[in-house]
Amino acid sequence: MRLLVLPGDGIGPEITSATQAVLRAASKRFDLGLEMDEHDVGHASLRQHGTTVRPELLDLARTADGVMLGPTATFDFKDEAKGQINPSKFFRKELDLFANVRPARTYPGMKSPVEDFDLVVVRENTEGFYADRNMEQGNGEILVTPDVVISLRRITRQCCERIAEAACALAARRRKRLTVVHKANVLKIGDGMFLDICRATVARYPGIEMDAVIVDAMMAHVVRHPSRYDVIVTTNMFGDILSDLTAELSGSLGLGGSLNAGATHAMAQAAHGSAPDIAGQDVANPFSLILSAVLLLDWHGERHQAARFGEAARAIETGITQAIAAGKATRDVGGTLGTAAVGEALAALIAN
Ligand code: NAD
């Protein structure tokens, strides 16, 4: 398995390095033949190459078996004409990674503000309100006058159909419950179409139970009773926001793993940002990116019908559960170790 590894900004290099240690141990034990090809993106690339993402990285991503992207300082990147491209958008758009799969669950032995739960947010990843990716050319935000901005939201039948399909397929493999989160009471046409398509898709999956919840009410419902939810499907921005909430409810944003998946490519990427407030302090939780890598191993194993990737993924997941219970984790999840030590401890657990 050949991985393109892009550590990114802020805590990106720290959590990437810890994730690589774990992946190396898993590769050795489960004979994954893992090769990791590392390149800069974000500020380091901007300084060295004048752009946050070199175009040749796209070819490397296309020919690799998967991409692992660390968080980048996207808020700093204001002007694409000056090479300040959002790397996350670049790969999601260019590789058509339409499904952003973001699991969240509680862990035994860890204090959580809510009841135990295990759910997955499936977020549309290529259109919606995301102005830097929802147009073929140009940008979906327009400055009409210095005081007037129009932000365009694109919703297409094709993107609704494929994300609904991905969510149903996942629900069919889990507890067979799908919750559609929408704002069709206000965005009557766009979210109305999204909701109708979700209903029609579920109808082709006998055994899946569906409910629909308006996005604002969902914030209250998921805090009150997260255990009610299994798979949650929603449009891009709602999914972005909701999945930070579900990650934090699970104990920490530092547990938020995610996979960006398309028909032929996938990219592991933590759900959170570059966390400049804790960068360089060896305190960032690497489990977010490690859990993202777990999703990528599963994706690759399923595509190639190679069970050892799934076995490696389960071993890493079990290791994380044990590490949290034993306090061999970062402080945000009740542990006492630094980022690098967490990676080393988990790698040692997997090696044995
Ligand atoms: P953030 O997600 O980086 O951080 C929010 C809070 O969560 C902070 O208190 C941070 O310390 C904490 N946190 C995040 N990851 C953690 C981890 N692994 N372990 C422990 N604590 C963790 O959000 P922000 O501060 O609003 O954004 C910082 C930068 O990241 C901005 O430039 C933003 O645009 C960018 N961003 C990038 C991505 C991405 O690359 N996918 C996603 C979101 C935000």
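Mentor: A polar contact is a pair of N or O atoms within 3.5 Å; within protein, one must be able to donate a hydrogen and the other to accept it, and residues adjacent in sequence count only if both atoms are side-chain atoms. The model is predicted, with local features requiring pLDDT of at least 70, side-chain atom pairs pLDDT 80 or more, and totals for chains, interfaces and linings using all residues. Residues are numbered from 1 along each chain as its sequence is written, and side-chain values use heavy atoms, without hydrogens and water.

Trainee: How far from a nitrogen atom of the ligand does a polar side-chain atom of His 272 lie?

Mentor: Gln 269 places a polar side-chain atom 3.2 Å from a ligand nitrogen. For His 272, the distance from a polar side-chain atom to a nitrogen atom of the ligand is 3.2 Å.

Trainee: Which atom of the ligand lies 3.0 Å from a backbone N or O atom of Ser 274?

Mentor: Ser 274 takes part through its backbone, by an N or O atom.

Trainee: How many disulfides does the structure hold?

Mentor: A disulfide is a pair of cysteine sulfur atoms within 2.5 Å. The sulfur of Cys 159 has its closest cysteine sulfur in Cys 160, at 7.2 Å, and is therefore too far for a bond. For Cys 198 the closest cysteine sulfur is also in Cys 160, at 7.0 Å, again too far. The number of disulfides is zero.

Trainee: What is the relative accessibility of Cys 198?

Mentor: Buried means under 20% relative accessible area, exposed over 50%, and partly exposed in between (1.4 Å probe, protein chains only). Cys 159 counts as buried at 3%. Cys 198 is buried as well, and its relative accessibility is 1%.
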